[in-house]
Amino acid sequence: MPDAVTERLSDLGNIPVAVPVLALAAAYAALRGNRRGAAAAVVAMALVPALVVPLKAWTGRPGPLEPWAAGYFPSGHTATAFVAYTGAALLLRPYAGRRRPVAAALVLTGATATGLVLRGFHWPLDVLASLLLCTPLLLAVRWSCRSTRRSSG
């Protein structure tokens, strides 16, 4: 894959790209009455750096193309993409169909991860660690969205 393509894919995990997607979905969900789910998704996103940054400092893992640099494990871009896009998908599921938002979130997260690995910014294990690290955050968002639907339905 050309560098220009992999760079654009990895950019999907940048905060200015991913976080506005979640913010818009959270605002929409809150306006539609899912304030608990929207708040949970925003808190999950806020917790990403609180989880990722200390692990990067603790492991000090070098990158694939920059063995002199440290702090590549886990991938912050993957964590940001996963929580932002999947959090948005969980918030939008009741309004946009059950499968489409989640499929889109998985494609965007997978594209981000692929771009990061192919570009040489991260090892595959860095990406996998971020996915595993953020899964409990998204399970909490999912639970919050479900409990809102049950209490309002």
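Glu7 is partly exposed, with 30% relative accessible area; here buried means under 20%, exposed over 50% and partly exposed in between, with a 1.4 Å probe and protein chains only. The model is predicted, so local features need pLDDT of at least 70 and side-chain atom pairs pLDDT 80 or more, while totals for chains, interfaces and linings use all residues. Residues are numbered from 1 along each chain as its sequence is written, and side-chain values use heavy atoms, with hydrogens and water left out.

Glu7 forms a salt bridge with Arg119, at 3.2 Å from N to O. A salt bridge is a side-chain nitrogen of Lys or Arg within 4 Å of a carboxyl oxygen of Asp or Glu. This pair links distant parts of the chain, since Arg119 lies in helix H5 and Glu7 in helix H1 (residues 3-11), 112 residues apart. Helices are DSSP runs of H or I with at least four residues, numbered from the N terminus. Arg119 is partly exposed, at 21% relative accessibility. A network of salt bridges links Asp3, Glu7 and Arg119.

The whole structure holds four salt bridges. One of them joins Asp126 and Arg61, whose closest N and O atoms are 3.2 Å apart. Because Asp126 belongs to helix H6 and Arg61 to the loop between H3 and H4, the pair ties together parts 65 residues apart in sequence. Asp126 is buried, with a relative accessible area of 0%, whereas Arg61 is partly exposed at 23%.

The largest nonpolar core has 30 residues, and Leu22, Val48, Val83, Leu91, Cys134 and Val141 have the most contacts inside it. Such a core is a set of buried Ala, Val, Leu, Ile, Met, Phe, Trp, Tyr and Cys residues joined through side-chain atoms within 4.5 Å. Its largest share, ten residues, comes from H4. Not counting residues up to four places away in sequence, Cys134 touches Val48, Ala79, Phe82 and Val83, where contact means heavy atoms within 4.5 Å.

Thr80 is located in helix H4 (residues 76-96) and is buried, at 7% relative accessibility. The side chain of Thr80 reaches the backbone oxygen of Gly76 at 2.8 Å. Beyond its neighbours within four places in sequence, Thr80 is in contact with residues including Gly13, Ile15 and Val48.

Leu132, by contrast, is exposed at 59% relative accessibility and sits in helix H6 (residues 124-152).

Terms used: Helices (H or I, at least four residues) and strands (E, at least two) are DSSP runs, numbered from the N terminus. A polar contact is a pair of N or O atoms within 3.5 Å; within protein, one must be able to donate a hydrogen and the other to accept it, and residues adjacent in sequence count only if both atoms are side-chain atoms.
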